[in-house]
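Let's take a friendly walk through this structure, one region at a time. Keep the 3D view open as you read.

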Amino acid sequence: MRAVIQRVSASEVRIGNESVGKIAEGLNVLLGIKEDDTETDMDYIINKLVNLRIFEDADGKMNRSILDVDGELLLVSQFTLYGDCRKGRRPGFTRSGPVDQAEKKYAIFVDKLKDQPIKKIETGVFQAEMEVLIVNDGPVTLLLDSEKKF
């Protein structure tokens, strides 16, 4: 499981002209799920998301988590995070796995995330053509990968 985490002052996801998810200060998270991801991978990513100290304290140091700043979170599924660009000019997406399995895993991830004491959690729509507006604060962008946790 991969997550691109961006500290944002605002973020929104739209389908057509309709806003389906919108947050103020917090995290925009693009989530890629691969075929063999498990709930252990989900728990690892969620624990990191909730506890990463990437918000500034009074001294300007990244020392506060999303919980500490009462931040919000926008989660967007992003199968292209497992795009393989090593050969040719067109990425391959075989590691992303079957859509029906990924959708079930995404739903489980969302349910687990909503068990966390985050002020507001919004999501995109799985497998929809979305427009994601991100006001990256810092900019701060980090990559988590549950395969590379140690």
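## Starting in strand S6

Val76 lies in strand S6. This is a predicted model, and every value below is computed from it. Is Val76 buried or exposed? With a relative accessibility of 1%, Val76 counts as buried, because buried means under 20% relative accessible area.

Leaving out residues up to four places away in sequence, Val76 touches Val29, Leu30, Leu31, Tyr106, Gly124, Met130 and Val132. Val76 and Glu12 are 64 residues apart in sequence, and their C-alpha atoms are 10.0 Å apart in space.

## Helix H2 and its two sides

One of the contacts of Val76 is Tyr106, and Tyr106 is also among the buried residues of helix H2. This helix covers residues 99-114, 16 residues in total. From its first C-alpha to its last, H2 reaches 22 Å, close to the 22 Å expected at 1.5 Å a residue.

Which residues of H2 are buried? They are Ala102, Lys105, Tyr106, Phe109, Val110, Lys112 and Leu113. Looking down the axis of H2, you will find these buried residues within an arc of 165 degrees, so they line one face of the helix. The face turned away from that buried side carries the exposed residues Lys104 and Asp111. As for what covers the buried residues of H2, the list includes strand S3 (26-32), helix H1 (39-51), strand S6 (72-77) and strand S7 (120-123).

## Helix H1

Helix H1 is part of the cover over H2, and H2 in turn is part of the cover over the buried residues of H1. The other elements that cover H1 include strand S1 (2-15), S3 and S8. The buried residues of H1 itself are Asp41, Met42, Tyr44, Ile45, Ile46, Leu49 and Val50.

How many residues does H1 have, and what should they span? There are 13 residues, which should span 18 Å at 1.5 Å a residue, and the end C-alpha atoms of H1 are 18 Å apart, which agrees.

## The largest pocket

Now turn to the largest pocket, which holds about 410 Å³ of space. It is lined by 17 residues, and the closest to its centre are Ser77, Gln78, Phe79, Gln127 and Ala128. S6 and H2 each supply at least two residues of the lining. By type, the lining divides into 10 nonpolar, 6 polar and 1 charged.

Phe79, one of the residues closest to the pocket centre, is found in the loop between S6 and H2. Not counting residues up to four places away in sequence, Phe79 touches Phe93 and Ser96. Phe79 and Arg2 are 77 residues apart in sequence, yet 9.5 Å apart in space from C-alpha to C-alpha.

Beyond its neighbours within four places in sequence, Arg95 is in contact with Arg2, Lys34, Glu35, Tyr82 and Glu147.

For a sense of distance, Arg95 and Glu131 are 36 residues apart in sequence and 24 Å apart in space, C-alpha to C-alpha. Asn17 and Glu131 are 114 residues apart along the chain, and their C-alpha atoms are separated by 9.4 Å. Asn17 sits in the loop between S1 and strand S2 (18-23), and at 84% relative accessibility Asn17 counts as exposed.

## Backbone details to look at

Most residues other than glycine have a negative phi, and most peptide bonds are trans. Which residues have a positive phi here although they are not glycine? Asp70 is one of them, with a phi of about 55 degrees, and Gln127 is another, with a phi of about 65 degrees. Asp70 is placed in the loop between strand S5 (62-64) and S6, and it counts as partly exposed at 45% relative accessibility. Gln127 is placed in the loop between S7 and S8, and it counts as exposed at 59% relative accessibility. Gln127 is also among the residues closest to the centre of the largest pocket.

Finally, have a look at the peptide bond from Gly138 to Pro139, which is cis, with omega near -5 degrees. Pro139 lies in strand S8 (residues 131-145).

Key:
Residues are numbered from 1 along each chain as its sequence is written. This is a predicted model: local features need pLDDT of at least 70, side-chain atom pairs count only at pLDDT 80 or more; totals for chains, interfaces and linings use all residues. Side-chain values use heavy atoms; hydrogens and water are left out. Helices (H or I, at least four residues) and strands (E, at least two) are DSSP runs, numbered from the N terminus. The expected span of a helix is 1.5 Å times one less than its number of residues. Buried means under 20% relative accessible area, exposed over 50%, partly exposed in between (1.4 Å probe, protein chains only). The arc is that of the directions from the helix axis to the C-beta atoms. Contact means heavy atoms within 4.5 Å. On a 1 Å grid over the protein atoms alone, a cavity is a set of points where a 1.4 Å probe fits but cannot get out, and a pocket is an open set with protein on both sides within 12 Å along at least five of seven lines; lining residues have an atom within 4 Å of a point. Grid points are joined across faces, edges and corners, and a volume is the space filled by probe spheres set on the points. Ala, Val, Leu, Ile, Met, Phe, Trp, Tyr, Cys and Pro count as nonpolar, Asp, Glu, Lys and Arg as charged, and the others, Gly among them, as polar.
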